[in-house]
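Student: I have a protein model open and would like to go through it piece by piece. Can you help me read it?

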Amino acid sequence: MADTLEFNEIYQEVKGSMNDGRLRLSRQGVIFKNSKTGKVDNIQASELAEGVWRRVALGHGLKLLTKNGHVYKYDGFRESEFDKLSDFFKAHYCLELAEKDLCVKGWNWGTVRFGGQLLSFDIGEQPVFEIPLSNVSQCTTGKNEVTLEFHQNDDAEVSLMEVRFYVPPTQEDGVDPVEAFAQNVLSKADVIQATGDAICIFRELQCLTPRGRYDIRIYPTFLHLHGKTFDYKIPYTTVLRLFLLPHKDQRQMFFVISLDPPIKQGQTRYHFLILLFSKDEDISLTLNMNEEEVEKRFEGRLTKNMSGSLYEMVSRVMKALVNRKITVPGNFQGHSGAQCITCSYKASSGLLYPLERGFIYVHKPPVHIRFDEISFVNFARGTTTTRSFDFEIETKQGTQYTFSSIEREEYGKLFDFVNAKKLNIKNRGLKEGMKQSYDEYADSDEDQHDAYLERMKEEGKIREENANDSSDGSGEETDESFNPGEEDDDVAEEFDSNASASSSSGDGDSDRDDKKPAKKAKIVKDRKPRKKQPESKKGKDPNAPKRPMSAYMLWLNASREKIKSDHPGISITDLSKKAGELWKAMSKEKKEEWDRKAEDARRDYEKAMKEYSVGSKADSHRGERSKKKKKKQEKQVKGKGDKKGSTSKSSSSKSPAKGMSDSFKSKEFVSSDESSSAESKKEDSEDEGAASPPSSEDSASGSD
């Protein structure tokens, strides 16, 4: 017989909800791992007291009872698995797996039995239904009646809120059956009552989720958050994990408490309790217990009098009461030396912490993702700029998390971390039709050729060369080298085209800015340089020297046909990937040969660019001189014509002036038949006077 049995898609009933997970039976005991929360329930073989097999709604179920009264229910088994489980229980646990069917008569009267933490309503020897007393939130009594209220289940569409039991009176004196019923329920129920004094109190702690300042009162079984507006009572049984995370500024600390089920405020659910501490805050703490009780309960983990940093005291007390380990960041270090990465999630900026077994993001909204629930991760290009990238995580349930605006310098550190944790990587790129199965990257090692990293390096070289070209005075565009498996850089091309369009005129800086409104465009439209601007907007010059190829591209062009012949029918993307692997595996001596060829090509390119820039400047100077000469000739011709017209008009205008000075008449004495002719003559003289200054300037410029 096998030493272990494993079952997938098994459901555990917890507080009225069915949690999906995996069940494993071994010689040591029974282990169930929740797929949603990752919580593990471990039942030792020596603790098992009884096993029951029965038919339930989801097929067949297994109910396990322990010696300390705990009950565990697992549903989703097939009927054919009974024999296998029964033999396993006999061989390894020395238990008989009993078969018990539920009563389906539909009667509503029977006998209530209390066994451990379970209330069972039976008819005869068959149970009708069972109520785990840990689901009970309140128990009230009336005349011959007991009412049980239950915790609300957020995951279920319909929740059972209360059940009422009618308890008939008995003839026994001195014993109230209603009170006895209620005491049996309350002794095992999950009823939070703040009875007695708190073990310790932390005053005015800054809480980020839920937001505000709260007094935290530590009780033996639960945590009480007391604020100005709201109060929360958190049982220690609902705490899944504890995290202690250093802030990026190295002056503050986050203490994160993961909760399931979450605390509620109206329709809002808080799955995480996040406290923020300053490292400079110290506290002296005295527990409200005597030393013997402290030693007996905490076994040396706490002492009656303690002092130290506030965050250390809170984390130490919580660790002792919850009895769970505190998770801290592992050996990851970002570009700045911090153990976290600054990024954005859902339009809010926060910090992403790579842990030893998962990722956690704080703080709005907090997210915790375990490695075992990750299907794959993806490094994607930033949507707005090439200075940052996005880190995408998709879980096995299909949920996708995108952490954006991560600095480009963090890429190498994060990529190495993901590789070391053996997470599947899926690079989808930006082009359609380039989707590759992430299974091909499942076994990726750190020394594998990384196309995205090569792309980032190539873009940096291109930007540096563009900056050098612009400083030399050449505003012409050049062709980019083709890289395998990489898409065109639309952002860089737009920048280059703007730079080339604006290099010929002083107004080009306005083209590089965002598009102006239409009103501003009309204002500058009348200026002469703007009229000639469309002539300067030209495409790439075909006579410009081509950009030199890198050593990798020179080798690829020489080796492409050989790779195709060695792998007939290989696609373009597979060929690029294969070429990257071959280039990565190539020896240093062979790479140096191609590096020398690339260096020679670069020197030839720089020499050709100098000659090209000198020639283009000479052409532009010759064009400007010819245009100036042509304009000068046009002005001379125009000036001669205006000079002749002005002399004839001035001589004719002088003679009326003399007549008017001899016999002057005011406007009032002019006759009506002469008024129209006088006004017309006056308008002509005014026009001539207005036109004479530019004509004199033109004649002067022509004589010059």
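Tutor: We can start with the whole chain and then go through some of its parts. This is a predicted model, in which local features need pLDDT of at least 70, side-chain atom pairs count only at pLDDT 80 or more, and totals for chains, interfaces and linings use all residues. Residues are numbered from 1 along each chain as its sequence is written, and side-chain values use heavy atoms, with hydrogens and water left out.

Student: How many helices and strands does the protein chain have?

Tutor: The protein chain has 15 helices and 31 strands. Helices (H or I, at least four residues) and strands (E, at least two) are DSSP runs, numbered from the N terminus.

Student: And what share of the residues is buried?

Tutor: Of the 704 residues in the protein chain, 36% are buried. Buried means under 20% relative accessible area, exposed over 50%, and partly exposed in between (1.4 Å probe, protein chains only).

Student: Let's look at helix 2. What is the distance between its end C-alpha atoms?

Tutor: The end C-alpha atoms of helix 2 (residues 177-188) are 17 Å apart, which agrees with the 16 Å that 12 residues should span at 1.5 Å a residue. The expected span is 1.5 Å times one less than the number of residues.

Student: Which residues of helix 2 are buried?

Tutor: They are Val178, Phe181, Ala182 and Val185. These residues cover an arc of only 95 degrees around the axis, which puts them on the same side of helix 2. The arc is that of the directions from the helix axis to the C-beta atoms.

Student: What do those buried residues pack against?

Tutor: The buried residues of helix 2 pack against strand 9 (111-115), strand 10 (118-123), strand 12 (136-142), strand 13 (145-150) and strand 14 (162-166). Contact means heavy atoms within 4.5 Å.

Student: What caps the N-terminal end of helix 2?

Tutor: Asp176 does, with a side-chain oxygen 3.2 Å from the backbone nitrogen of Val178.

Student: New topic: is Thr238 buried or exposed?

Tutor: Thr238 counts as buried because its relative accessibility is 8%. Thr238 sits in the loop between strand 18 (231-235) and strand 19 (239-246). Leaving out residues up to four places away in sequence, Thr238 touches Ser258, Leu259, Asp260 and Pro261.

Student: Last one. Which residue has a positive phi in the hairpin of strand 30 and strand 31?

Tutor: Gly398 does, with a phi near 95 degrees, and the hairpin has four residues between the strands. Strand 30 (residues 388-395) and strand 31 (residues 400-407) pair in the antiparallel sense over six bridges. Phe391 has Phe403 in strand 31 as its bridge partner.

Technical notes. Polar contact = N/O pair within 3.5 Å; in protein donor to acceptor, adjacent residues only side chain to side chain. Pairing = 2+ DSSP bridges.
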